[in-house]
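Work through the exercises below with the sequence and the model side by side. Each task is followed by its solution.

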Amino acid sequence: MTSASHPGSAFPHGNGAPLSRRGWLSTAAGGLGGMALSSLLAGEAPPAGGTHPALVFPVKAKRVVQLFMAGAASHIDLWDHKPELVKRHGEESDFGEPVEAFQNGLGPWLKPVWDFKAHGGCGKMLSDAVAPLGDVVDRMAFIHNMVSTSGVHSAATLLQSTGFILPGFPGTGCWVGYALGSLNDNLPTFVVLPDHRGYGSNGVKNWDAGFLPAQHSGTVVQPGAAEPIADLHPHASAQWLTTDSDAATRRALARLNRAHLDGRGGDGRLEARIRTYELAARMQLAAPEALSLADEPEHVLRMYGVEPGKTDWPTEINIPEETHHFGLKCLTARRLLERGVRFVQIWSGNDNGFPRRNWDSHEDVERDHGPLARGMAHGAAALIKDLDQRGMLDDTLVIWTTEFGRMPSSQAGRGRDHNPFVFTNWLCGAGIRGGVTHGESDQWGYKPLDRANPTTVHDVHATVLRLLGLEHTKLTWRHNGVDRRLTDVHGHVLTPILS
Amino acid sequence: MVLLLSVRCRFVVVVGLLLPLQPSMAADGDRHAPARALLVARCVECHGADAQEGGLRLDSRGSVLRGGEYGPVATAGSGTEGELLDRIRTADADERMPPTGAPLTADEIASISAWLADGLPWPGAEGDADRDPRLDHWAWQPIRHPDPPAPVVAFHTLPGVEPDRNPIDAFVRATLAKEGMRPTAVADRRTLIRRLSFDLLGLPPTPEEIDAFVADVDPAAYENLVERMLASPRYGERWARHWLDVVHYGDTHGYDKDKQRPNAWPYRDWVIGAFNADLPWARFVADQIAGDVLRPDDSGAIEATGMLAAGPWDFIGHVEVPETKTDGKIARHLDRDDMVANTIGTFASVTIQCAQCHAHKFDPVSQEDYYSLQAVFAALDRSERTYSPDPAVMQAHAALDARRTDLEGLKKSLEARRAEAAGPRLAEIDKTLAAPGGDNATPAFGWHSEIVAASNLTAADTEKWVQVDLGRDVAITRVVLHPCHDDFNGIGAGFGFPRRFRIEGSSDPTFATNVVRLADSGPDDLPNPGTVPQVFTVDRASGGSRYVRVTATRLAPRQNDFIAAIAELDLFDADGTNVARGAAVSSIDSIEAPPRWQRANLVDGEFPGPSADAIALRRERDELLAKVPAEVTDGLRTLEEELAGLARQREALPALRPLYTVTATQRGGIPRPIHVLARGNVSAPGREVGPGALSALTMLAPRFELPPDAPEGARRQALAEWLVAPDNPLTWRSAVNRAWLHHFGRGIVDTPSDFGRMGSPPSHAALLDWLAAEFRDGGGSLKSLHRLIVGSATWRQRADDDSSSAAIDSGNARLWRQNRRRLEAEAIRDAVLATAGTLDPTAGGPGWQDFRIEHPEHSPHYRYDLADPADRSTWRRSIYRFIVRSQTQPFMTSLDCADPSMRVEKRNESLSAIQALALLNNGFMTTQAVEFAARVAREAGDEPRAQVDRAFRIAFGRAPTDEERGVLLELLRSHGLSAVCRTLVNLNEFTFID
């Protein structure tokens with residue numbers, strides 16, 4: 001260990017430090033087989049076998065899948081049953097106070113587009129648009145009193161993904177990877193499966209590492225694309241490269257880099273870099289296998305609603321296409337989780353644009369939410385059931401979120417304006433008490449019923465970290481003078497939804 | 001200094017008034033011990049050293065008297081009044097303090113009241129009651145100019161170790177000697193030139209430059225080399241990048257709707273030029289904050305202000321949400337926060353942003369300090385302005401503008417006289433006439449087809465139809481099409497009106513049969529009709545039709561696509577009734593974005609254009625004007641002519657250039673009122689504050705005492721002067737520390753943007769002060785600082801290990817050797833281009849783009865994967881890359897390139913499989929490997945051994961060893977020279993510089 005460090009500090013902070021200071025948290029850490037990088041970089045490895053000091057609780061969840069609905073999915077039309085709204089449908093809306101709506105969309109009360117029915121042993125009322133999730137509702141915990149601090153897509157999306165309304169903060173998966181390292185030795189720790197139409201608001205800022213080292217960024221995987229992972233194979237223009245020449249290059253690199261080490265052996269970064277090339281080679285083999293659906297039986301494909309190879313979809317947004325794309329991401333997520341990927345983020349919906357390609361249904365909830373919700377519910381239900389039948393749901397946490405909710409009043413007749421004042425999240429799987437609802441919205445789904453005690457994204461993040469065994473106030477990184485946390489200076493663990 | 005004295009006087013007055021009233025303070029101490037103990041037990045957890053809720057501390061007499069964000073909470077001698085007592089006595093549980101636990105008892109409250117009545121005696125702290133111990137921190141102290149310590153002569157006899165070359169070595173080696181370490185031998189010349197070249201230029205030296213330096217017998221060979229490099233324009237390109245990291249420069253806004261900033265680059269070029277010209281640091285700093293104020297005729301000073309606008313900006317929060325809404329207020333608050341943090345974090349290395357929600361937890365920075373800094377920027381918004389590199393042109397424009405302002409003033413007074421003579425009706429008429437034609441009276445614009453991308457030559461001829469169902473056959477006599485008005489894309493009147501179209505009737509809703517042509521637009525393209533209605537008389541022989549369809553046969557062009565849009569369709573029957581109004585509308589497609597665009601808007605009776613009785617109004621207007629004296633009317637006419645002449649002169653001048661920066665014009669130069677915000681909440685404004693800076697620097701006045709009517713620029717000028725004052729210890733230490741970081745891979749203070757208590761302490765405090773003083777007193781020349789640093793024996797040491805020193809200081813904080821450096825993303829990429837022989841040295845101008853844009857009309861998708869790596873326009877230095885915030889460049893990002901959304905004081909240095917894959921497989925790398933091989937073949941001929949040797953020398957400036965040569969020859973024989981070249985640029989030796 002030769003590089004800059006504060007002597008005696010097992011967990012030095014500050015950005016920009018050479019890798020050697022914190023080799024234990026490298027992508028490669030603990031997963032290299034044989035000599036782990038953490039022991040390679042001996043002397044500065046943390047105590048207790050390479051665990052972060054925030055790891056103080058029993059580990060309930062080993063893996064996380066986050067489902068993110070870009071554009072703001074309507075809690076009222078999907079999860080949060082409001083009989084009063086059905087009763088008062090079409091009447092002039094009256095919130096009892098002045099309301100500052102994003103586009104002043106404060107038309108008459110608008111009942112949910114779909115009927116709600118009771119599901120499961122718990123009898124949870126769910127919209128017909130998400131009915132497939134009824135089969136697993138007894139494993140899900142709902143939070144109907146989520147609030148955001150912004151009604152602007154970009155800021156509110158960042159808040160959900162990073163805990164801050166400004167860009168530049170690490171995504172949730174980055175923090176998890178930083179704290180816990182990898183569970184595998186040939187795939188990324190944090191994988192992002194974007195909507196097939198493109199990225200949501202803020203693009204990569206929702207999952208890049210911010211001030212954490214770049215290795216903690218989410219790796220974008222595009223299932224079904226010609227090159228699902230950027231640079232996994234030589235660029236298409238490099239026809240001169242073959243598998244053989246790649247292998248020969250790797251051998252030459254290893255030999256020459258070893259020779260270069262002579263006299264520089266004290267610099268652990270050089271050894272670590274040699275190992276990243278070995279890891280890259282393993283990833284080249286492992287990733288295509290992980291992403292191939294060739295060995296998935298027909299009934300599994302059907303369960304997820306995946307139609308491999310189909311490309312001739314209608315031009316208008318439709319249920320089978322949404323089901324296929326979301327199901328493909330869910331099935332891919334399951335395969336990645338099985339192979340030791342720790343955090344998978346699945347997106348539904350692109351950024352804003354016309355025609356609508358996300359959940360931002362200002363004009364027509366039924367038109368956009370219909371196909372998006374049915375596709376999402378089909379895939380999510382399949383994923384939960386599949387994880388369950390493989391025994392993985394016990395230590396895999398599934399969380400569903402969106403940037404904010406939508407108003408109980410109508411906009412332009414059939415649409416709904418933004419509602420940052422209340423919306424819904426749900427969690428499912430590892431360590432979650434199923435079939436419960438924590439926190440309610442008011443009779444309209446306009447604000448939390450108990451306005452003094454809403455649930456914030458920081459509470460959800462604190463809860464996710466707790467299930468991973470982490471104390472959220474101790475998971476920090478010094479940046480520009482502040483010990484930054486995923487939960488900023490907030491966050492309370494939602495103990496009522498823990499099993 | 002006047003203010004400083006007055007502050008001190010106030011302090012003296014307070015103490016002086018109180019002390020005589022409290023003759024027995026010490027003696028009374030014990031009596032009030034329970035009251036003080038109560039404060040400690042119940043209050044200081046939130047109002048003490050660790051937390052200062054509401055900016056209030058209650059752990060010393062001085063802090064109680066000083067109060068919090070909302071002013072004093074107690075007054076000495078008053079035992080019954082004040083916020084402190086009010087809050088512990090109130091019956092309102094939401095208001096009552098302490099907020100948790102049992103309320104204070106009546107006895108407890110009485111004891112505090114008695115203590116206040118007696119003047120808050122606090123034994124043992126009378127003399128220094130107001131002293132904040134945090135002010136003793138090193139960073140707030142004045143810069144000393146210490147004498148260098150005596151050389152450690154014993155080190156001079158160590159093998160290979162150079163004698164001290166300048167005072168830096170004396171400081172560094174004194175510490176090494178004290179801590180039992182020793183310096184390392186000087187590096188060889190090949191290592192030195194390679195290190196120096198990457199350090200100063202960010203590029204490798206050529207094999208020929210290396211040979212020349214190694215063979216140079218001139219005793220000043222090294223100094224000459226340093227001078228040559230400092231004189232190279234490549235130097236500014238290297239060092240400007242370090243600076244752009246800190247100020248988080250980017251070429252797009254970021255967030256959602258990540259629009260381009262096509263005119264941000266002049267700031268980037270100014271930074272490069274400033275480094276190359278070795279602009280004195282005081283000017284470098286001041287120009288970036290207030291160059292437009294300090295030297296309004298200097299185009300460079302104007303470009304410099306691009307720094308204030310360099311960071312991200314939320315288009316939606318500023319453009320689509322008004323400032324009156326909470327989300328709009330938050331967006332503008334965060335915008336000022338970015339300017340404050342960018343300025344103070346960058347130039348003064350203080351984490352000022354921590355004081356946004358509460359007093360700084362660790363440093364003596366109050367919320368008032370923070371909001372005083374927001375007040376400095378309160379008149380500003382990010383936007384484009386114009387300027388010229390030619391001062392004469394700028395002056396000519398300014399003179400014309402001044403004349404125009406004068407004339408418009410005159411015009412206004414004449415118009416007032418005209419209004420007086422004509423009466424108030426004139427204004428009403430003018431308003432009525434101006435309104436409907438200018439924009440849409442209602443937000444219901446009309447029908448808007450889907451957008452047709454300009455993907456091929458016939459895209460404009462895509463047919464788009466819209467039709468109405470009249471419910472019955474109607475004989476149409478007249479058709480009127482009303483064009484739209486939408487400022488989107490700057491189009492305005494006539495938005496989307498088709499260039500060619502036909503109007504047909506039919507009894508068949510599909511228009512497959514029984515189609516009758518009612519009218520068409522003729523054989524040629526129509527010009528944009530503005531908002532003038534297009535009227536068509538229909539031949540009676542057409543008969544009756546239930547369905548009437550308008551088919552656009554040539555669409556209206558926009559920048560990269562085509563559309564059709566129509567505000568209103570009127571169909572008049574023989575009785576002159578508009579039968580289309582309210583009819584069912586269908587169309588081939590529609591963007592359906594209500595309320596503005598939807599099919600139903602086609603027949604809603606709402607459209608832009610002059611009202612029906614405009615003609616009558618004009619007649620009435622003429623009658624009114626007849627009452628106006630001729631001299632007024634003539635004067636106005638003369639003025640109009642002169643104004644038109646000015647406009648013509650302006651057009652004849654060389655055009656001004658646009659620059660993305662900050663301007664005060666949106667608010668007419670009037671600063672927004674800035675309030676201290678409780679917890680940073682825009683809905684909880686406290687008291688208003690004026691412009692100022694940090695009160696922790698006691699040698700400078702913390703608030704700028706400007707007259708109330710001072711122009712907004714005076715605020716920025718005052719901040720610039722505060723920053724560059726010779727007495728300001730932060731600015732000069734910050735600058736030399738940032739330079740030191742890039743010479744050693746670590747600053748003397750390892751947290752270059754945080755000199756506060758939570759930052760790292762200086763590893764060489766005396767050296768930092770000596771460097772800062774030399775730098776400041778030497779005119780702020782960065783190049784002189786470079787000469788000093790790279791001229792030191794400390795910098796010239798080898799990067800080798802020494803186990804005995806490593807055992808004491810494994811992190812090399814004390815610099816017993818040089819640090820081996822991993823190249824940054826830009827240096828790696830530039831070195832690859834230089835090695836391949838393909839580096840295009842073209843400097844300056846708009847950034848090169850290695851992406852393609854999809855969906856530009858809303859939130860642009862920046863697609864790097866669609867770029868062609870063989871596009872030579874992208875083979876320029878990385879500093880000229882067009883920097884996108886929402887989609888950071890994946891190859892560069894994998895190499896820890898600075899995130900343009902964050903202020904980056906120091907690059908991360910990660911190693912990952914994704915990085916290895918990028919360096920092996922990215923199109924840039926594979927393309928350059930082939931180019932590199934072609935260069936080697938050109939320079940070395942066909943012989944494999946010569947090729948390997950040449951490639952190796954280009955890449956590393958040395959000959960390969962026999963083993964290295966053997967490995968590469970084997971690779972060459974089996975897989976070719978390109979495979980060898982690809983291998984070389986992937987080696988550790990390529991990215992790690994000794």
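**Exercise 1: Confidence along chain B**

Two residues are in contact if their C-beta atoms, placed from the backbone, lie within 7 Å. This is a predicted model, in which local features need pLDDT of at least 70 and side-chain atom pairs count only at pLDDT 80 or more, while totals for chains, interfaces and linings use all residues. Residues are numbered from 1 along each chain as its sequence is written, and chains are lettered from A and ligands numbered from 1 in the order in which they are written.

Task: find what pLDDT residues 436–440 of chain B have, and the mean for the chain.

Solution. Step one: residues 436–440 of chain B have pLDDT below 50, with 14 contacts in the model beyond near neighbours in sequence. Step two: the mean pLDDT of chain B is 89, and 93% of its residues reach 70 or more. For the complex, the predictor gives an ipTM of 0.79 and a pTM of 0.75.

**Exercise 2: A sheet in chain B**

Solution. Step one: strands (E, at least two residues) and helices (H or I, at least four residues) are DSSP runs, numbered from the N terminus. Two strands pair if DSSP finds at least two bridges between them. Step four: strand 4 (residues 464–475) of chain B is joined to strand 16 by four bridges. B:Val468 has B:Val585, in strand 16, as its bridge partner.

**Exercise 3: Where chain B touches chain A**

Task: determine how many residues of each chain are in contact, and which helix of chain B gives the most.

Solution. Step one: 94 residues of chain B are in contact with 79 residues of chain A. Step two: the elements of chain B that give two or more residues include helix 16 (326–348) and helix 30 (923–940). Step three: helix 29 of chain B gives the most, with eight residues.

Notes. pLDDT = per-residue confidence, 0-100.
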